[in-house]
Amino acid sequence: MKRHMIGLDIGTTAVKAVLFDMDGTFIDKETGDYPLHTPDAKTAEQDPEEILERTLQALRLLISRNGCGDSIEFISFSSAMHSMILLDRKGERLTECITWADSRAAEYADRLNEADGLEIYHRTGTPIHPMNPLVKLFHFKNEEPELYAQIGRIMGIKEYVFAEISGEYAVDRSIASSMGLMNLEASEWDTELLSMLELSADQLPELVDTTEIFSMDEDAAGDIGISQDTKLVIGASDGVLANLGVNAIHEGDVAITVGTSGAIRTVIDRPRTDVKMRTFCYHLTPGAFVIGGPVNNGGVILRWIRDELCQQEISEADTCSRDPYEIMTEAAESVPAGSDGLIFHPYLAGERAPLWDAKAVGSFYGLTISHERKHMIRAAMEGVVYNLYSVFLALREQMMEVRSIKASGGFARSALWKQLMADVFGEALHVPESYESSAFGACILGLYALGEIDDLDESSRFIGEDETYHPDETAYMKYQDVMSVYIEIGRSLAAFYGRMQELRE
């Protein structure tokens, strides 16, 4: 009987259950969507029960459709980072799932950064920012003390789902290191931070390695339609697994993922932090750590441009049964590199790396009467890539060399996006033939955990040939000129972010 594996990726807006055979060949995928609730500008929450049900439903449908309930060797888990759910001592929920995009704790991020923020960052590898569960906990401790006093357990969405399927209260060290509560060198909960928060380690999940194997809960196995003998590999965060999924697992191999948001990462062999706190450092395995930076503003920017500025393109797409993004991209392609002097700072959702400023706002700079909508579309696309390049510059300072740049995510379906990135970065851009990089990375980690492969280096044999984009020298030189202006304008505007927030409020 043919054997299979499932990579389960619990993302910010959807869960993906992806079925592969044990040779890494993609077979099928089931997706379950769920909303992000944003009742005001600072709140970004989700219903964990809704995410749990969508996850179980995706697994049920995938397994039923493929008739593979008895052939699944393992399910390996991936998820978005920085989520937090508070439960009381009876296990009842006190909060919804508070996501990385929630900015209610901004005041406490500022306070920590003015005090011990840099020292805490160097210990934990997690920049001090409202996304950070550590900072969220300080917010609740001070703003909702009665609720805070009831806390019995603290977990993220991955741990919430994993507890339902396994019956175990555990967190992998990859997700834990993104909580801002784990000491990177010791790979244990940071006792000083727990003391500051007046919490105990018993209120946090058990820390385990990303390769830890668990058993299926009997009831959960029956509900999903899968053998109880199926193993559960706890897995890691989606970002570090995306590196595995595109075979970027050595220092100097840079992985760039752009979906709704985005990130740039490379793998190193020991913890390393940045003197300016521009990048993160998260755990992958005991001998591998991932450094890099996440950005809030990836594909969400082009979606905003489509919805708010491109009604003509949407109507045209409806008329000729085309994707509006195709028509928008064609318009952008008719504009020269640099958008005829129009620059877009893409901070529509605040920003993490390289600014780590939840108050950051977006802007077009250089608008003239000669600019058209097509310029704004291209400038927006360029702005996303400029921002990623800014993170790349910070990351390069911590690297000996850049050996390769590998890209994945929804943007990798667009030739213009990929060529833009090659031109701005001035480096060859490789797009590996790898399906659903985070879910596939989870499966590679699962194969390693089960001893099916001896080393993570063997991930290369599961990944198809690269599609390569080379930089155009003329465009690269133009973008170098634009980048210097982009960075200088950004620094000047930063002084106004707080004041703009006051005006909005």
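**Strands, helices and cores of a predicted model**

Student: Which residue in E18 is the bridge partner of Ala263?
Tutor: The bridge partner of Ala263 in E18 is Pro294. This is a predicted model, in which local features need pLDDT of at least 70 and side-chain atom pairs count only at pLDDT 80 or more, while totals for chains, interfaces and linings use all residues. Residues are numbered from 1 along each chain as its sequence is written, and side-chain values use heavy atoms, leaving out hydrogens and water.

Student: How many bridges join E16 to E18?
Tutor: Seven bridges join strand E16 (residues 262-268) to E18, and the two run antiparallel. Strands (E, at least two residues) and helices (H or I, at least four) are DSSP runs numbered from the N terminus, and two strands pair if DSSP finds at least two bridges between them.

Student: And what about E17 and E18?
Tutor: Strand E17 (residues 280-285) is joined to E18 by five bridges, again antiparallel. E17 and E18 form a hairpin, with two residues between them.

Student: Is E18 buried or exposed?
Tutor: Eight of the eight residues of E18 (residues 288-295) are buried, so the strand is largely enclosed by the rest of the structure. Buried means under 20% relative accessible area, exposed over 50% and partly exposed in between, with a 1.4 Å probe and protein chains only. Both faces of E18 are covered: one side has Ala288, Val290, Gly292 and Pro294, and the other has Phe289, Ile291, Gly293 and Val295.

Student: New topic. In what order do the six strands of the open sheet come?
Tutor: The order is E3-E2-E1-E5-E14-E13, with mixed pairing. Its edge strands, E3 (26-33) and E13 (213-215), each pair on one side only.

Student: Where does Ser79 sit, and is Ser79 buried or exposed?
Tutor: Ser79 is in strand E5. With a relative accessible area of 1%, Ser79 is buried. Leaving aside neighbours within four places in sequence, Ser79 is in contact (heavy atoms within 4.5 Å) with residues including Asp9, Lys158 and Ala236.

Student: How about Leu36?
Tutor: Leu36 lies in the loop between E3 and strand E4 (45-46). Leu36 is partly exposed, since its relative accessible area is 31%. The C-alpha atoms of Leu36 and Thr12 are separated by 7.8 Å, although these residues are 24 residues apart along the chain.

Student: Which residues touch the most other members of the largest nonpolar core?
Tutor: Leu137, Trp189 and Phe425 do, in a core of 123 residues. Helix H14 (residues 373-396) gives the largest share, 13 residues. A second, separate core of 37 residues includes Cys68, Met155, Phe162 and Ala221. A nonpolar core is a set of buried Ala, Val, Leu, Ile, Met, Phe, Trp, Tyr and Cys residues joined through side-chain atoms within 4.5 Å.

Student: At what angle do H14 and H15 pack?
Tutor: H14 and helix H15 (residues 415-425) pack at about 45°, with their axes 10 Å apart. That makes H14 oblique to H15, because angles under 35 degrees count as roughly parallel, over 145 as roughly antiparallel, 65 to 115 as roughly perpendicular and the rest as oblique. Axes are lines fitted to C-alpha atoms, for helices over the stretch in contact, and angles run from 0 to 180 degrees between N-to-C directions.

Student: Which residues make that contact?
Tutor: Among them are Arg378, Met381 and Phe392 of H14, and Leu416, Trp417 and Phe425 of H15.
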